[in-house]
Amino acid sequence: MAEKIGSVMVVGGGVAGIQASLDLADSGFKVYLLDKSSSIGGVMAELDKTFPTNDCSMCILAPKLVATGRHPNISLITNAELVDLKGQAGNFLVKFRKRSRYVDEERCNGCGLCSQKCPVEALDTFNEGLSNRSAIYVEYPQAVPLKYIIDREKCIGCGTCEEVCKAKAIAYDQQDTETTLSVGSIILAPGFEPFDARVKSELGYGKFPNVVTSIEFERILSASGPYGGLALRPSDGEVPRKLAFIQCVGSRDAQINRDYCSAACCMYGIKEAIIAKEHVPVALDCTLFYMDIRAHGKEFDAYYNRAQDEFGIRFVRSRVANITEDPKTNNLHLYYVEEEEPTTEEFDMVVLSVGMQPPAEASKLANIFGIELNGQKFCQTRMFSPVETSRPGVFVCGAFSSPKDIPESVAQASGAAAKAMSIIASERGKEIVAKEYPPERDVSQEEPRIGVFVCHCGINISGTVSVPEVVDFATKLPSVVYGEANLYTCSQDTQGMIKEKIQEHNLNRVIVASCTPRTHEALFRETVRESGLNPYLFEMANIRDQCSWVHVHQPKEATEKAKDLIRSVVAKARLLKPLRRPVINVTPTGLVIGGGVSGMTAALELANQGFDVHLVERTKNLGGHLREIRYTLEGENPREHLDSLVTQVLENGRIHVYLDSEVAEVNGFVGNFKSKINSESGEKEVEHGVVIVATGAKEYVPTEYLYGNAPGVVTQRELEEMLFNGAFKAESVVMIQCVGARTRERPNCARICCGQAIKNALRIKETSPETDVYVLYKDVRSYGFKEKYYRKAASKGVIFVNYNDDRKPEVSSDGGKLKVLFWEPIIKEEITLEPDTVVLSAAVSPNPDSKRVSEMLKVPLTKDGFFLEAHMKLRPVDFQTDGVFLCGMAHSPKFIDESICQACAAAARASTILSKKTLEMEGIIADVDEDLCSGCRICEHLCPYSAIEMNEKQTKVTAHVLEALCKGCGVCGTACPTKAITLGHFTTGEILAQVKAALVEEVRA
Amino acid sequence: MSEESDFEPKIIGFLCNWCSYAGADLAGVSRIQYPPNIRIIRVMCSGRVDPAFILEAFKNGADGVLVAGCHLPSDCHYISGNFKASRRIALLQRLLQDLGIEPQRLRLEWVSASEGDKFATIVREMVEQLKKLGPNPLTKDGGEI
Amino acid sequence: MLRPKIIGFVCNWSKPPEIQTSEPSGFEGHPKIHMIQVMCVGRIDPVIVLDAFVRGADGVLMVGCPSPDCHYVEGNTQAKFKVKMLKKLLALAGIKPDRLLLDWAHMTDVESFVKIVDNFRNLIIAMGQSPLNGGDSSDDFLLNLRAAKNTASDFRLRVLTGREGELTQAESVYGETIPANDFDRISELLTRMEFIRHKIHLLAIQEPVSVKQLAERIKEKPSFVLCQIVEMRRRGMVTLDEIKGTTPLYKGLEV
C-alpha cells in the first residue's frame, strides 16, 4: 500500500468547493482548490439575494471568498483544467493544466488600470452578456484571487495594458503549464450550468428581447449589475409593470430528456418576484406560472405564503405553451390553459426559470476520474453514501450530484470534506507548514512612535491624491516619526522594507494609507507581527476605495480628505494597545446526542477522524426513525444499511454508546464542555470539545380525517409496515397529502411525505396492479431525481388529484365503510370514493425533547420547533454558539441521504475544532472593568452570543466576558451605562479620538 | 446666500465593517463619484456606535453624521446589532432636537455590500441637504465650539 | 458658393517656400484657404481637424511628404491612419468624408502643390457648403460633430489608431499580424460605438433623457441605446437622474 498523503484536491470553486476547502484546511489538511474560471465564487457570486431570508448574496459570500483566498493551507489554482488522474484512495497523482492568464499572478495587485485603458470591449459573461467588459478583466469587483486575466480571443495585442501596468505584471509570453500533484483524496464540486433556454424555442428566448432567463434576471436585480438593481425591459429600458415568471424551463420536461426537477427554481422564482417588486418604483404585477410549487426546504412554505399574502404575487398552475411578441411594443403574449380554458395574456416582460444541467465537462471529468454518471450525466451517488462517487477516494458535493440549493450544497460539501479527510486522517497536519514568529516586543513603556506608509497604488491613488503632499503632512503629525510613499505598499518587497523601517526607526505603531482593510489588513498585520510587534498595533487609512477612486475629478479635495483620514487614524493609532488572542485548550472528544442514522453517522465520522465520541441515545436501540423505514423509493435496502451502521458503531473502539440514556446537563464552551449523562446505571460526567445535536423528529399523529377513529385510516408509516409484512390488501386506496403540514398552525412542508406516498403507491401497484390508488395533493414535491418516480407512478395508473385549502377532501365513515369526498378540478365535479384504506401522509413533528435540549445548550428553535442553525444559507449545520452543531431531522424533515450528508457535515465542522490542540480566538473582544461595572445585567441580555455571564465576587455582582464566545461586535459596550465595557481595538477612547481628529486640526505637541 | 453656496458640510460616517463599509468600497471599485465631504470611520457593527461618538462629532463641528449598517432584519453579521442601532439612533434624534441640532443632520441607513451606488447616492443627498441646512448650529455663530 | 471655408494643414517639409502661410491670407489666387503650417502632418491631432469642422469649415486639407520621405520617418503613415479614422467619424456625423483630404507634395514642386489645392477647392465648391452652415438640421450636424470631436479624444480610440500600423504591418505583442480587414472591422465597431455614446452623452448633459427619447433622437433601436447606457453608467458618463412613472431618465456627467 502506497504512503498516504495529507492533502486534498477540490475541483470547482463555487460555494460548495469553497466550503469543503475551508473545512479541510481548518482541520489540518493542505488543499488545492482548482477552478476552470479565473476566480472562485461560482454561481452564488452572481446572485442578488438569497431565499428565504433575502440576505444579500455577495455580503454573505465575500467573507468566505476572502478567507479562502488568504488561508495559509489553501492554494488556489484558477483558470485550470484537469488532465489526468492516477493512483488510488490515499495517494493520487493529479495532473492539471493551468491556462495562461497572460498576467503574472505574483505581480498583479488587481489595481485595474489595465482594464480601464484597454481599447477592446467584450461581453461581460459574469453579467450574462448584459454589459461589456474590457479584454483584460476580472470577473467581478470582489473576485478572489483579484488577478486580472486577458481574454485572448478578444485581445488584439496592442500592448496598452503592459504600458500602463506599473507593477509590470503583464506577461504576453506566458504559456500554459502542466503540473502533477500528489493528493490523498479528491472532492468534485464542479457545480451546474443553467439550461440553455433557446432549446425551448416556443418561449422566444433569444428572439424576443424582453424574455430573459432567471440568471440574467439575478444580474438585473443586483445593485452591482448592469441596470443598477432596477428591473428594466431590455427592449426599451422601461420599468415593467407586468412581469411573468415561467417555471420548469428545462426541468420536468421529458420531451427534451430532462425528466428531473431542478429543485431550487420554485424558490428562486418566488424570490426574484419579491425582489423585483421591491426594486421598482411602480406597482408591479408578478405572476408565476408553475406546475407544482416545490417549497420543500426549511421555512420555505412560510416564504411562499408571504409571497402570496404580503406581496400579492399571483400563482397560476399552468404550463405556458407558447409566447409571441407584439413587434410594436415588444410586449409578450403568453398562451396557456387555466382551469381547462385556453387563455392569452399580455405581459411586459417574462423571466424563464431555467433549470440546472450538469456542467459541460461532466463526461470529461467522468473519464478522467473513472466515475459513474447517472442517465442525466450528473454524478451517481447512493442513498446511503451520498458524498461518495463510484471511485474510492473521490467524493462529490454540490449540484454535480443532483440539482440542489445553496444550504444543501454547503452541507454536502462539509460532508464530502469529512469523508475526504477520514481516509487520510493519519496524515493530518503533515502537509501544512506551521509558521514561526519572533517573540513580541513589549511596547507598553514606550511613547507612541508611528510609521506611516502611503501607497501610490500605481496611479490609482497618486493619479488623484497628491501622495508627496500627504506623506509630508503625515510626517508632521504628532507621534509620527517616519513616513514614506510606496509604489505598491502591498508588494512583497515593500513588506520586507516595512519590517526594516520598523527596526530602523524603532516604530511601535504602523499605519498604511492605501486601499481597504477588508482585503489587506490581514496581510499588513502579518507583516507587523513578523517584525515582532503585536498585530493589533496596526491601522489602515482607506484613501483609495473611499477617496481617490470616488473623487477622481477633485484632486485638491481628495488630497485634503486623505490627510483628514490619515490624521484621524493617527489619532487612533496613538491609543492602540496590543491585544492578546485568547488561547483555549481543546478536549479532542465529541458528544453526539441522538442515535439515529444522523447521530450514528456523525459519531462514526468523528471516530474515523481519530476522535473519541460519546453517543447518547434515549431509547434502548440505535437506529431511530430508520428502523421504521422498510424500503426506499430508490430501491435500496434500509435494514441492511442500518444493521451495518449499528455494527460499525458498536464495534468502534472510539465510540462510547450510552443507550436508554439522556444528556442531563451541558456546561462550558467550545473546546471545553462538561456534561452529565443520566442512565439507569446512574450519572456519568464526560468532558468533550464539541456537541452534535442529532435528536431527530417524529411522525405527526393526525387528528384529522378520522385517524384513530376509523380502522381503515392509517399513516404512510403504518401502511409501509403493512406492505412490508404482506398484510396489506385493498381494492381502492386514497392517500391524502399534507396532513398536519402546510396548515395555519404548521405552515411548512414536511418534505418527505410526497416521496413516501409515491413509494408506497408504487409498492401497492407492484404487488397488486388492479388496486386503485388515488393521491390527493396540494403540490407534488418530488424534487430532484425523485421526479422520475412520480412519472413512473402516474404511468402505472396512480391517479393524482390536486386539492386546495378551500376545498379539502372530506373523510367520513358510514357503518364502517369509508367515504372520501373531494373536488376533481379537471372534470370540475365533486367525487365520492369508497376506499378500503385512507392513507394519511402525516407531517414530521419536531422531537418533543427539542425544547429541553435547546434550553440546555442555549441554542434556538424555529417557530415550528426544529433547531435553528447559525445561518440558513451558509452555516446549515452550525449553531450560532461555537462548538455546537446539528444534523438530520433535528434541523428539519429530510430524506436519509440528506441526513447522512448533514451528519458528515457536522462531523467535518466539529473536526475543525477537535483537530486543534488549542484554539486561538479573535483578539478584538469586549473587556469589563469590574470596578466600574454596576452589575445591571443590560449587557448580559443584549449579547446575541450569550458571551456575558454575571459573576459574584465577594459582595459585588459583575459582568464577565466569556472570551471563547465573544465575537467582538461591541454592542454591550455601547449600552453599558457605567462605561465599564470596552471593545478591544475599537475602544470608546480610540473612536472618540478618531472622530475629533477627522474634524479638527491638531496642534503638534 | 453666496456664503451658503460656498459652504462645504463636513460629514462623519460610521460604517459597519461587514455590509456598509464594503458597500462604500464597492462605490470606489465601480468608480461611482460622490462629493468628498465625508470622513468614514470603520466600526465592527452599527450596534457599536455609541451616542457619545455622534455627539463628539457634532461637538467638534461635524455638520452631519451618517450611521450605516447591514439591512434589517437578517443581514447583520452579529445577528441583531442593526436593530439595536436603529433604536438608539431614533432616541438620539429626539435628543439632538433638544440640543438645537436638526435631527436631519443624523442619518441611519442600511447599505449592503453590493449597494455601492446607494452609498454614493446617500452621500450626495446628505451633502445637498446639509448645504440647505447650513453649518452645524453649534459652530455657526462664533465659529468656535 | 464663392468662398468656401477651407483649412489647410501643411507640413514644413512639403510646402514650397513660395507659398505664403501667414494667417489669414492663404496664398495668391486663393484668398479663402487658411493655410496653417505645422512641422509634420503626423502632428495633426484628429481633435483639431474635427474642431475645424465644428467651427464651420467646409473642407480640411492636409498636405505632407510622400513615403518614404517623411522627415520624421513615419509621421505621414500616422497621418494616414488618423485620416482613415477621421473619415469614419465624419461619415458617422453625416459629413461627406471627401471634405477631408490628405495628400502628398514636394517642397520643390510648386505646380503640383497648387494643383492639389485647386482641385480640393473645386471639389468643395462643387459639394457646396458644410451642412453646418445652412439647412434645417444644422443643429443635428453640430451635435454630431461635437460628438465626433469628443470621440476622437477618447483614449481607447486613440490607442487603437496609434497602433494600427504596428498591428497590421508589423506584429502584435503576441508576435502576430492582424489582417487589415480584421483590424478595420474592430476599429469601425469601436468608432461607431464611441461616437454613439458621446452623442448620447451630449444629449444627456443638456437635460435628463430616457432611453426611448434617445432612441428616437439618434435613430437607433431602444434596446441598443440601453446597452450603451449600461456601458456609459459603468464608465461614469451618465447616471440615473430620476424615474418618471415607468421611465428612468439619465443625466450626463461631466467627464
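Buried area is the accessible area, taken with a 1.4 Å probe, that two parts lose on being put together, summed over both. The legends below refer to a predicted model.

**Figure 1. The interface of chain A and chain C.** Chain A and chain C bury about 2,900 Å² between them. Of that area, 58% is on carbon and sulfur atoms. Glu121(A), Ile156(A) and Glu238(A) supply 20% of the area that chain A buries against chain C. In terms of contacts, 37 residues of chain A meet 34 residues of chain C.

**Figure 2. Polar pairing between chain A and chain C.** Five salt bridges are counted between the two chains. One of them joins Glu121(A) to Arg197(C), with the closest N and O atoms 2.6 Å apart. Chain A and chain C also have 13 residue pairs in polar contact, both residues at pLDDT 80 or more. Three elements of chain A give two or more residues to the side that touches chain C: helix 3 (113-117), strand 9 (132-134) and helix 4 (160-164). Strand 9 of chain A has the largest share, with three residues. By class, this side of chain A has 17 nonpolar, 11 polar and nine charged residues.

**Figure 3. Arg197(C) and its partner within chain C.** Arg197(C) takes part in the salt bridge with Glu121(A). Arg197(C) also forms a salt bridge with Glu194(C), where the closest N and O atoms are 3.0 Å apart. Both residues lie in helix 6 (residues 180-206) of chain C. They are three residues apart, so about one helical turn separates them. Arg197(C) is buried, and Glu194(C) is buried too.

**Figure 4. Chain C as a whole.** Chain C has eight helices and six strands. Along the sequence their pattern is β-β-α-β-α-β-α-α-α-α-α-α-β-β. The C-alpha atoms fill a box of roughly 70 × 50 × 25 Å, taken along the principal axes. Of the 255 residues of chain C, 53% count as buried. Among contacts in chain C with a separation of 6 or more, 71% come from residues 24 or more positions apart. The chain is divided into domain 1 (6-132) and domain 2 (154-252).

**Figure 5. The interface of domain 1 and domain 2 of chain C.** The C-alpha centres of the two domains lie 28 Å apart. In contact across this interface are 11 residues of domain 1 and 13 residues of domain 2. The two domains bury about 1,100 Å² between them, 62% of it on carbon and sulfur atoms. In domain 1, Phe81(C), Lys88(C) and Leu92(C) lose the most area to domain 2. Together they account for 49% of what that side buries.

Figure 6. Three salt bridges cross the interface of domain 1 and domain 2. Lys84(C) forms a salt bridge with Asp184(C), and the closest N and O atoms are 3.0 Å apart. Helix 2 (residues 75-93) of chain C gives the most to the domain 1 side, with nine residues. That side has six nonpolar, one polar and four charged residues.

**Figure 7. Salt bridges within chain A.** Over all chains, the count comes to 100 salt bridges. Asp882(A) forms one with Lys967(A), the closest N and O atoms being 2.8 Å apart. Asp882(A) lies in the loop between helix 20 (850-857) and strand 47 (884-886) of chain A. Lys967(A) lies in the loop between strand 51 (956-961) and helix 23 (971-975), so the pair ties together parts that are 85 residues apart in sequence. Lys967(A) has a relative accessible area of 27% and is partly exposed. Elsewhere, the side chains of Arg544(A) and Asp545(A) meet in a salt bridge at 2.9 Å, N to O. Arg544(A) and Asp545(A) are both buried. A network of salt bridges links Arg252(A), Asp292(A), Arg294(A), Asp301(A), Arg317(A), Arg742(A), Asp779(A), Arg781(A) and Glu787(A).

**Figure 8. The surroundings of Ser222(A).** Ser222(A) sits in the loop between helix 5 (214-221) and strand 16 (242-249) of chain A. Its relative accessibility is 3%, so Ser222(A) counts as buried. Leaving aside neighbours within four places in sequence, Ser222(A) is in contact with Asp48(A), Gly228(A) and Gly229(A).

Note on methods: Residues numbered from 1 in each chain as written. Chains lettered and ligands numbered in written order. Heavy atoms only, no water. Contact = heavy atoms within 4.5 Å. Salt bridge = Lys/Arg side-chain N within 4 Å of Asp/Glu carboxyl O. Polar contact = N/O pair within 3.5 Å; in protein donor to acceptor, adjacent residues only side chain to side chain. Helix = DSSP H or I, 4+ residues; strand = E, 2+ residues; numbered from the N terminus. Nonpolar A, V, L, I, M, F, W, Y, C, P; charged D, E, K, R; others polar. Domains from an automatic or database assignment. Buried < 20%, exposed > 50% of the residue type's maximum accessible area, 1.4 Å probe, protein only.
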